[in-house]
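Biologist: Can you take me through this one? I would like to start with the overall picture and then go into side chains.

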Amino acid sequence: MLTGISVAIMGGDARQLEVIQKFTELDATVTLLGFDNLGRQFNGVTHAKLDSAVFQHVDVLILPVVGTDDAGHVESIFSSEELVLTDELFSSLPKHAKVYTGMAKSYLKQIGKAHGIEVVELLERDDIAIYNSIPTAEGALMMAIQNTDITIHGSVCMVLGFGRTGFTMAKTLQGLGATVKVGVRKPEHFARAWEMGFQPFYTKDLYSEVSNIDLLFNTIPTMIVTAQVITNIPHRALIIDLASKPGGTDFRFAEKRGIKAMLAPGLPGIVAPKTAGRIMANTLSQLIEEDFKDRSDVE
Ligand code: NAP
């Protein structure tokens, strides 16, 4: 339980509804900042304006998946007003407070450091990345189905990268009956991919491996599907790039060659906000329970 812990939730999208729900169930004292157009009631939560007096009593500040932009703006689909996490507001947080977000840009990291307040980035955690890989793979599949005129079953799919997202993506495609080629750079990943019934290859051989594919799913966050590689990809193929912006594909050249290529960021929040919100809410509540279990932490 989180009884006695003051949690402020600032901005966000539909995923935060699951977080609000979870924290009220766990008896935290919940204050919502930037939820004036919520259109839904949560019992026992307080709505507040951005104000230093509110921040002074906060033990935990929860920000959206992308905490702030580089100027401190916090996105909120439930507010018509601009939300800015200013240095002044941040400095009002008590010293024992912690800030939780999906990923922190340099602005947030810097003000956290300047004021000696820990900023916890959930997306850096392995467990969150693995759970999130499920809605990501389902979202990628949805895009593939919408943008092709063939079935996944019987198609030749390529997955680049065999990390948290690549692994789940490859397994999902295999489950639907695709032939799945997996591009790796480590022998142990090659061996595991082979053991799992995929067709592994080393990414150094990517150029020759792409010649027979129908679909390519990239999870490698560096330029890998280069113009040269694209020259060997069949015109029928579709590229879905899951790697974080700007992706790992030369989109300009793909367009020039007439090959459909799409960057697909933020799929969990788009295709399964409830599941993605629950993933966040469960991990957040466990972390906060652990971080604040010794209530003497809280002044
Ligand atoms: P990860 O577990 O670190 O996996 C990344 C994979 O890329 C690893 O297998 C890594 O291989 C490989 N890799 C990195 N650089 C490489 C290179 N130069 N050559 C060959 N392989 C290389 O990361 P993840 O959690 O799967 O996330 C992958 C990307 O997807 C990230 O950019 C993440 O932000 C993004 N993502 C997007 C969505 C979405 O909705 N689109 C959702 C979740 C994640 P090694 O093990 O050999 O290093």
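Modeller: We will go from the overall build to ring pairs, salt bridges and a charged patch. Keep in mind that this is a predicted model.

Biologist: How many helices and strands are in the protein chain?

Modeller: The protein chain has 12 helices and 14 strands. Its C-alpha atoms fill a box of roughly 60 × 40 × 35 Å along the principal axes.

Biologist: And what share of the 299 residues is buried?

Modeller: Buried residues account for 51% of them.

Biologist: Rings next. How many aromatic pairs does a search of the whole structure find?

Modeller: The search gives 4 aromatic pairs. One of them is Phe35 with Phe78, with ring centres 5.7 Å apart and planes at 20 degrees.

Biologist: Why is that pair called stacked?

Modeller: Planes under 30 degrees apart count as stacked, and the planes of Phe35 and Phe78 are at 20 degrees, so this pair qualifies.

Biologist: Where do Phe35 and Phe78 sit in the chain?

Modeller: Phe35 is in the loop between strand 2 (29-33) and strand 3 (46-48), while Phe78 is in the loop between strand 5 and strand 6.

Biologist: Phe35, buried or exposed?

Modeller: Phe35 is buried, at 1% relative accessible area. Phe78 is buried too, at 9%.

Biologist: What about Phe162 and Phe167?

Modeller: Those two form a tilted pair, 5.0 Å centre to centre with 35 degrees between the planes. Phe162 is buried at 10% relative accessibility, whereas Phe167 is partly exposed at 29%. Ring pairs also bring in Phe198, giving a cluster of Phe162, Phe167 and Phe198.

Biologist: Changing topic: how many salt bridges are there in the whole structure?

Modeller: There are 14 salt bridges. Among them is Asp291 with Lys98, where the closest N and O atoms are 3.3 Å apart.

Biologist: Which elements does that pair link?

Modeller: Asp291 is in helix 12 (residues 273-291) and Lys98 is in strand 7 (residues 98-101), 193 residues apart. Asp291 is partly exposed at 22%, and Lys98 is buried at 17%.

Biologist: Where do Arg192 and Glu195 lie?

Modeller: Both are in helix 7 (residues 187-195), 3 residues apart, about one turn of the helix.

Biologist: Last one: which residues form the negative surface patch?

Modeller: Asp69, Asp70, Glu75 and Glu82 form that patch. Glu75 lies in the loop between strand 5 (73-74) and strand 6 (83-84), and Glu75 is exposed at 65% relative accessibility.

Note on methods. Residues are numbered from 1 along each chain as its sequence is written. This is a predicted model: local features need pLDDT of at least 70, side-chain atom pairs count only at pLDDT 80 or more; totals for chains, interfaces and linings use all residues. Side-chain values use heavy atoms; hydrogens and water are left out. Patches are made of residues with over 30% relative accessible area and no salt bridge: like charges are joined within 9 Å, nonpolar side chains (Val, Leu, Ile, Met, Phe, Trp, Tyr) within 5 Å. Accessible areas come from the Shrake-Rupley method with a 1.4 Å probe; for residues, only the protein chains shown count as cover. A salt bridge is a side-chain nitrogen of Lys or Arg within 4 Å of a carboxyl oxygen of Asp or Glu. Lys and Arg count as positive and Asp and Glu as negative; His and the chain ends are not counted. The place of a charge is taken as NZ of Lys, CZ of Arg, CG of Asp or CD of Glu. Helices (H or I, at least four residues) and strands (E, at least two) are DSSP runs, numbered from the N terminus. Buried means under 20% relative accessible area, exposed over 50%, partly exposed in between (1.4 Å probe, protein chains only). Rings of Phe, Tyr and Trp (its six-membered ring) pair if their centres lie within 6.5 Å; planes under 30 degrees apart count as stacked, over 60 as edge-to-face and the rest as tilted.
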